[in-house]
Amino acid sequence: MKRIIIIISILLFYIFPLSAQNVPSIKWREITTPHFNIIFPAELKTEAERVANLMEHVYIPIGKTLEASPGKFPLLLTNTGVNPNAYVQLAPELSEWYHRPPEGYLLGSGEWYSLLAAHETRHMVQFVKIDRGFNRIIHMLYGQFGELAMEAFSIPAWFLEGDAVTTETALTNSGRGRMPVFTRDIRTLLLSGKKYSYYKAALGRYTYKDHYPGKYNLGYLLVAYLRDTKDALI
């Protein structure tokens with residue numbers, strides 16, 4: 001308990017590095033829906049309208065298995081970078097989607113914003129779901145920094161990403177779970193007789209001598225297995 005209190009206290013004075021490098025000349029616009037605020041550059045108006053419709057469309061089914069809703073995270077669309085990515089964060093609550101889709105087979109052949117709507121909105125549901133019980137008390141005492149710390153203590157990273165990948169696979173016609181290359185490395189290790197311990201697999205050792213795929217790959221297989229065999233509410 002003392003260690004938890006010390007770590008949370010340190011987080012209160014931690015300043016996140018500035019990740020956004022948007023030029024001052026951008027003309028920002030906003031679309032407010034019943035459940036989300038979409039913030040975007042003026043030239044992305046058409047895409048922003050489509051994202052707003054997507055988010056409202058997935059709002060109810062995206063949290064069904066966790067029995068939670070995504071809350072009302074601000075959603076920022078940006079088009080000034082070349083990194084194909086998106087994320088959801090706490091302290092402050094925010095989801096940012098980069099306009100550029102990936103090249104190659106990183107996320108399959110699915111439409112970029114549809115995949116993000118399934119994957120990233122599921123992360124919003126996760127944050128809402130864990131904000132209860134003791135975690136809620138820490139949140140009330142330390143704000144979103146406390147909530148962020150308890151999220152790290154409460155949930156393994158493989159579950160957060162594996163659950164989101166499983167959701168994107170279930171709710172779209174694409175998703176990484178449908179791609180043989182996504183589970184290729186783990187299948188190869190098992191067929192080769194290399195069975196790593198849970199801790200080694202969960203920590204994702206990356207060396208030239210012993211390679212194990214990351215939290216996305218392991219998490220997807222674990223979460224999908226629990227859904228199929230244990231009727232787990234996840």
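Guide: From the N terminus on, the elements of this predicted protein run α-β-β-α-β-β-β-α-α-α-α-α-α, which amounts to eight helices and five strands (DSSP runs of at least four residues, H or I, for helices and at least two, E, for strands). Of its 234 residues, 41% count as buried, that is, under 20% relative accessible area with a 1.4 Å probe and protein chains only. Residues are numbered from 1 along each chain as its sequence is written. In this predicted model, local features need pLDDT of at least 70 and side-chain atom pairs pLDDT 80 or more, while totals for chains, interfaces and linings use all residues, and side-chain values use heavy atoms, without hydrogens or water.

The part to look at is the second largest pocket, with a volume of about 160 Å³ (an open set of points on a 1 Å grid where a 1.4 Å probe fits, with protein on both sides within 12 Å along at least five of seven lines; lining residues have an atom within 4 Å of a point). The volume is the space filled by probe spheres set on the points. Around this pocket stand Ile186, Leu189, Leu190, Lys194, Lys195, Tyr196, Ala201, Tyr212, Leu218 and Leu221. Helix H6 (180-191) and helix H8 (215-229) are the elements that each give two or more residues to this lining, and H6 provides the largest share, three residues. By class, the lining holds eight nonpolar residues, two charged ones and no polar ones, where Ala, Leu, Ile and Tyr are among the nonpolar types and Lys is among the charged.

How values were computed:
Buried < 20%, exposed > 50% of the residue type's maximum accessible area, 1.4 Å probe, protein only.
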